[in-house]
Amino acid sequence: MLSVAVVGGLHADARVQAVDRLLADVPGAVALHHDLATAVQGTVVRTVRDRTGIVSAGEAPLVNDCACCALREDLVPELERLAADGVTRLAIVELWDSVEPKAMAEVVASAGLRLTGVITAVDPALVLPYLGNGDDLADAGLAAAPTDQRTIADTFARQLEYAPVLALADSAEADDEDRALLAQLHPTAHRIPITPSGPDAGEATPAPSAPSPLAAAALAGFDVESAAAAQHPACALLPAEADECGVTTLVWHRSRPFHPERLYAALEDLACAAARSRGRFWLADRPDTLLHWDAAGGALCVESAGPWMASLPDAAWDMVPPVRRAAAALDWHPEHGDCCQHLVFTSPGLDRDGLELLLESCLLTDTEYAAGRTAWKRLPPAFDTLLEV
């Protein structure tokens, strides 16, 4: 049965190295790549290659002027064709630079194909520069659609954090700080060096019974529902406290809501305080709404992620996934349930004390907190514009 592995990442050289390694290590493997750079001409160019070179090439027309839509429409039939030929063991879906693995993994899985791995290829020396790059993808020629408003930083962060496997390029420029930053951003990831393979590297090609670590990871299996839950703000698997090689991760957890005006006034400083910050937060004037915090490259996105569990009627709990109920139980407070602040900031040179003081200053005071929810809801709604109310 055909296995499908998705390999993505904005670090194109590292991504190609990872795909080449898999082609060399897995007999009967082929790589599919859709080049979205040609979308301005109205088509997406598809190539299929094995370890010897290009096997076939073709074009897919844009769908509703959207290159990513064309990729989705063309990818599944190509994979089904490979599955039917009975020869291909592993189909490697090599994503174009800014395409995010979550979307493509879900496309593959929803088609009933056997998705066995999701890998993001990374050059450790480029992690901080990419996380700090707030340029729009469109300005860099990397937009996947005319309406694509993502930035390089937030796209790279999601690529990095979604994949359970990170394929690491051998970078002479990478230092201990780079490696510590990568480890703290995604501490649960299986980090696998992309090492040369085959006779050119002075080693024998691995036998099928002894695949390389990267090949083993590509064939290990992947659950899209679990992966989605690990990214959902209500139950995200966030990094833990850490401090190593000049890189710090601060986990800030409080059981009191933010004052909307004070938090809004501090947003710029908070967004720029760390290379990466994320989590869930609680606003006093919206006490029933779980809000998502997502910042990279100095830009912050906040959005509603639905109700807190504490605001749901008991009858609705059975309709909530078990992982969400478990996450709520970990945060449960006898007075206000799972409503809380759970924000994580990761960066080299993090001003931990200053950041904590700023965050604390945004919380309700004792007097404001004691006034209760009815009074909280009358506070000025500073976030209405951000949340598009």
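Cysteine 340 is buried, its relative accessibility being 0%. In this predicted model, the sulfur of cysteine 340 has its closest cysteine sulfur in cysteine 339, at 7.8 Å, which is too far for a bond, given that a disulfide requires two cysteine sulfur atoms within 2.5 Å. A disulfide is a covalent bond between the sulfur atoms of two cysteines. The structure as a whole holds zero disulfides. Cysteine 301 is likewise in no disulfide, the nearest cysteine sulfur, that of cysteine 272, being 15 Å away. Whereas cysteine 340 is buried, cysteine 301 is partly exposed, with a relative accessible area of 37%.

Contacts between charged side chains were examined next. The count of salt bridges in the model comes to 25. One of them joins arginine 46 to glutamate 78, with the closest N and O atoms 3.9 Å apart. This pair links distant parts of the chain, since arginine 46 belongs to strand S3 (residues 43-50) and glutamate 78 to helix H2 (residues 67-85), the two being 32 residues apart. Both partners, arginine 46 and glutamate 78, are buried.

A further salt bridge is formed by the side chains of arginine 256 and aspartate 366, at an N to O distance of 2.8 Å. Arginine 256 is partly exposed, with a relative accessible area of 23%, while aspartate 366 counts as exposed, at 58% relative accessibility.

The side chains of aspartate 384 and arginine 286 also meet in a salt bridge, with 2.6 Å from N to O. Because aspartate 384 lies in the segment after helix H13 (373-376) and arginine 286 in the loop between strand S11 (276-281) and strand S12 (289-296), this pair ties together parts that are 98 residues apart in sequence. Here aspartate 384 is partly exposed, its relative accessible area being 25%, whereas arginine 286, with a relative accessible area of 17%, is buried.

Salt bridges also occur as a linked group. Arg15, Asp20, Arg49, Glu94 and Asp97 are connected with one another in a network of salt bridges. In summary, the predicted model contains zero disulfides and 25 salt bridges, among them the pair of arginine 256 and aspartate 366 and the pair of aspartate 384 and arginine 286.

Terms used:
Residues numbered from 1 in each chain as written. Predicted model: local features only at pLDDT ≥ 70, side-chain atom pairs only at ≥ 80, totals over all residues. Heavy atoms only, no water. Buried < 20%, exposed > 50% of the residue type's maximum accessible area, 1.4 Å probe, protein only. Salt bridge = Lys/Arg side-chain N within 4 Å of Asp/Glu carboxyl O. Helix = DSSP H or I, 4+ residues; strand = E, 2+ residues; numbered from the N terminus.
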